[in-house]
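Keep the sequence at hand and the model open beside it.

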Amino acid sequence: MTTERDRTDWDAILEPYDKLVTIKVLGRPFQVPENNLLLRCLQFIAPEHIPYGDFCWAADCLNCRCRLHRGGREYLMLPCQNIVQEGDEIVQLSQELVLALRDLRLPESKVLPSPKARRREP
């Protein structure tokens with residue numbers, strides 16, 4: 001049951017939205033808030049681990065990479081930089097996302113290989 005406090009906490013985290021849209025993660029459907037980054041939507045369905053995962057939320061670490069089907073095409077993308085769309089289907093996850101989504105008991109899939117992290121110049 002969602003309490004008023006829970007709703008207020010989510011309002012502070014999520015961008016405003018009017019409805020939930022359906023996405024699939026490794027074939028399993030989830031309802032997530034529209035108008036939000038895909039990584040934030042993953043936090044919505046796995047709030048216990050995504051906030052504490054090794055994610056920079058700024059496209060520097062590349063740890064949130066996933067392979068996504070959208071509009072009949074396949075993309076290698078960063079969920080921290082892309083707004084969710086109705087019908088998005090995540091078909092492959094980075095090791096960091098696999099770990100952060102572990103409580104969802106998703107089907108096993110081939111994990112995306114880890115890239116060398118980009119380093120910022122001082």
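Is D88 buried or exposed? D88 is buried, with a relative accessible area of 1%. Buried here means under 20% relative accessible area, exposed means over 50%, and partly exposed lies in between (1.4 Å probe, protein chains only).

First, the ground rules. This is a predicted model, in which local features need pLDDT of at least 70, side-chain atom pairs count only at pLDDT 80 or more, and totals for chains, interfaces and linings use all residues. Residues are numbered from 1 along each chain as its sequence is written, and side-chain values use heavy atoms, with hydrogens and water left out.

Now the fold. The protein chain has 3 helices and 5 strands. Helices (H or I, at least four residues) and strands (E, at least two) are DSSP runs, numbered from the N terminus. Along the sequence they follow the pattern α-β-β-α-β-β-β-α. Of the chain's 122 residues, 37% count as buried. Contact means heavy atoms within 4.5 Å. Take the contacts between residues at least 6 apart in sequence: 50% of them join residues at least 24 apart.

Look next at α2. This helix is largely enclosed by the rest of the structure, because 6 of its 8 residues are buried. Those buried residues are L38, L39, C41, L42, Q43 and I45. An α-helix has 3.6 residues a turn, so residues three or four places apart point the same way.

A nonpolar core is a set of buried Ala, Val, Leu, Ile, Met, Phe, Trp, Tyr and Cys residues joined through side-chain atoms within 4.5 Å. The largest one holds 30 residues, and V25, L42, I50, L97 and L101 touch the most other members. At least two residues each come from β1 (20-25), β2 (28-33), α2, β3, β5 and α3 (95-100). The largest share, 5 residues, is from α2. Leaving out residues up to four places away in sequence, I50 touches L39, L42, Q43, F55, W57, L97, A100 and L101.

Aromatic rings come next. Rings of Phe, Tyr and Trp (its six-membered ring) pair if their centres lie within 6.5 Å; planes under 30 degrees apart are stacked, over 60 edge-to-face, and the rest tilted. The count is 1 aromatic pair. W10 and F44 form it, edge-to-face, at 5.2 Å centre to centre with 65° between the planes. W10 lies in helix α1 (residues 4-13) and F44 in helix α2 (residues 38-45), so the pair ties together parts that are 34 residues apart in sequence. F44 is partly exposed, at 23% relative accessible area.

R40 lies over W57, at 4.1 Å from the ring centre. The rule asks for NZ of Lys or CZ of Arg within 6 Å of the ring centre and within 35 degrees of the ring normal.

How many salt bridges are there? A salt bridge is a side-chain nitrogen of Lys or Arg within 4 Å of a carboxyl oxygen of Asp or Glu, and the count is 2. One joins D88 to R70, at 2.7 Å from N to O. D88 lies in the loop between β4 (73-77) and β5 (89-93) and R70 in strand β3 (residues 66-70), so the pair ties together parts that are 18 residues apart in sequence. R70 is buried too, with a relative accessible area of 14%.

E74 and R67 form a salt bridge as well, with their closest N and O atoms 3.6 Å apart. Here E74 is partly exposed at 46%, and R67 is partly exposed at 24%. E74 is found in strand β4. Beyond residues up to four places away in sequence, E74 touches R67, L68, H69 and V91. The C-alpha atoms of E74 and V91 are separated by 9.2 Å.

Last, the cysteines. A disulfide is a covalent bond between the sulfur atoms of two cysteines. The test is a pair of cysteine sulfur atoms within 2.5 Å, and the count is 0. C61 is in no disulfide; its nearest cysteine sulfur, that of C56, is 3.6 Å away. C80 is in none either, with the sulfur of C64 nearest at 3.7 Å. C61 is buried at 17% relative accessibility, and C80 is buried at 3%.
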